[in-house]
Amino acid sequence: MNAPTPGIRPDTDPVHVALDRGLHQLAALGGDLAAHANAIGTILWSPPRVVIVGRLKAGKSTLVNALIGAPVAETAALEATNVVTVYQDGSPSRAEVVGMDGHRHPVAVHRDHAIRLPLETPDIAFVDRWLPSAALRRLTLIDTPGLSTLTVANDSATRRVMIDGFEQTRTASIDADAAVFLFDAAPRSDEIDFLARLPFTPLNMLGVLSRADSFGEGALGRVDPLAHAARHAERMAEQLSDTVSAVVPISGLMAQTSHTGMLTEQSAGALARLQGMAPLDVVRAFDNDDADNILPVPMREHLLALLGEYGILNGRAIAARGATALNAWLSERSGIAGLHHVLNESTARFAVLHRAHRILARLDQLAFTHPARDHIRSLTMSLRSSPALHLVSVLEDYQRMLRTDPRAVVTEELHTILVATSPAGRVGLPDQAPAHAVSAEAQRRLAMAQQRSLATSSAAEDAAIVTLIRTYTPLSTR
């Protein structure tokens, strides 16, 4: 269908290849089905869509700026983002406000100025924002209002887009394939409840421990806050394993500064002037309005906005080597590289399966409503039985089992299959396990699945066991 997005390798991605072939077959049925196939093809070949969610001032917009590599998302002291904004690659830089009625309103975009909205917030579904960005060729980012915000309208906007209006958002093409959830020390119960209502599994929900540079006792504490945050993130990942795949500690401020070109030689030179001072003297200087002999107030405010207390106290000596060295240090210490790795590898992998599931659901819906339903149903059944889409069936069964019985053995086996990267991994063995060991373990699991099929507790378990048998049967004869 549509041309593939740069960075996607259709020749090595069997899921995309199988679905694209199916969409060509759909278009070949003629009539308006070519338009349906092209619309679904746009979903298939566009970058994975990642939604950023979290409480007010969790650092969502700061993280969006860092991931995009440009200061485009507002980061004000109060409610910076009061509408859902979809950031995607495109040239020229432009924006459109989409009303609740579906009407699009082009709006002017000016550097360093917020977009002026032509509608009241309750009348806005979302804002489409295009800008040339290599990062956005890999991932489309969706910035959302904060949960439990200062205004009921903002909180409602997030819930309307992500939950209450999920069918509406599907029509508006802002469906997400994965989510990044930002929190501070620990998520609150209402946040966990909100996440449980989103259309994701732990496999495509990533946790981010924000503001890692001020974690614990902060920059002047006995323990480096970044190291403290890293240890805490590991503990939180275990506690939140039913919700997220991992928890990554991030200093959003340092990541934003290092990735958006905000740091200058002038700023680095000003910071370097502080390198001979004791840490407490530096803090006192920044708290003292009469310390212009050290640095003028505007520069002190500028450095705090760029680097935060941690960056100022720990980056002074590096700043003496210039802005390039300081920028590299900020980037390395911010944790943004680790986040990029998880997003572009693990999270994106499951986002592809999630997207394939949504595409098959669209085809199922079309099979119920279109006059050519019999042909479409046959096509969809053929796709679902394709070995290339087997993991999509595993994902669908996993989603149903999470809702029905998340602690069941069957649910755990489905999870094992999904996260595996080798045949051995699919049966819970190390990747380097010999073929005979894989075959033996597959035979054991196959026998257990067949035994469980005699006494299941739900329709979801019935379907899951069929999928397990389909998975273990070819592995048992290797």
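Select Arg94 and Trp130 to begin: in this predicted model, Arg94 lies over the face of Trp130, at 4.4 Å from the ring centre. The two residues also belong to a pair of strands, for Arg94 stands opposite Trp130 in S5.

Which residue in the turn has a positive phi? Select Gly102, whose phi is about 90 degrees; the turn belongs to the hairpin that S3 and S4 form, with four residues between the strands.

Now turn to the aromatic rings. The structure holds two aromatic pairs. One of them consists of Tyr310 and Trp329, which are stacked, with 6.3 Å from centre to centre and 5 degrees between the planes. Tyr310 lies in helix H12 (residues 297–319) and Trp329 in helix H13 (residues 323–334), so that display of both helices shows how the pair links distant parts of the chain, 19 residues apart.

Are these two residues buried or exposed? Tyr310 counts as buried because its relative accessible area is 3%, under the 20% cut-off. Trp329 is likewise buried, at 15%.

Finally, select Arg377 and Phe368. Here the charged end of Arg377 sits over the ring of Phe368, 5.9 Å from its centre.

Technical notes
Residues numbered from 1 in each chain as written. Predicted model: local features only at pLDDT ≥ 70, side-chain atom pairs only at ≥ 80, totals over all residues. Heavy atoms only, no water. Pairing = 2+ DSSP bridges. Phe/Tyr/Trp six-rings, centres within 6.5 Å; stacked < 30°, edge-to-face > 60°. Buried < 20%, exposed > 50% of the residue type's maximum accessible area, 1.4 Å probe, protein only. Lys NZ or Arg CZ within 6 Å of the ring centre and 35° of its normal.
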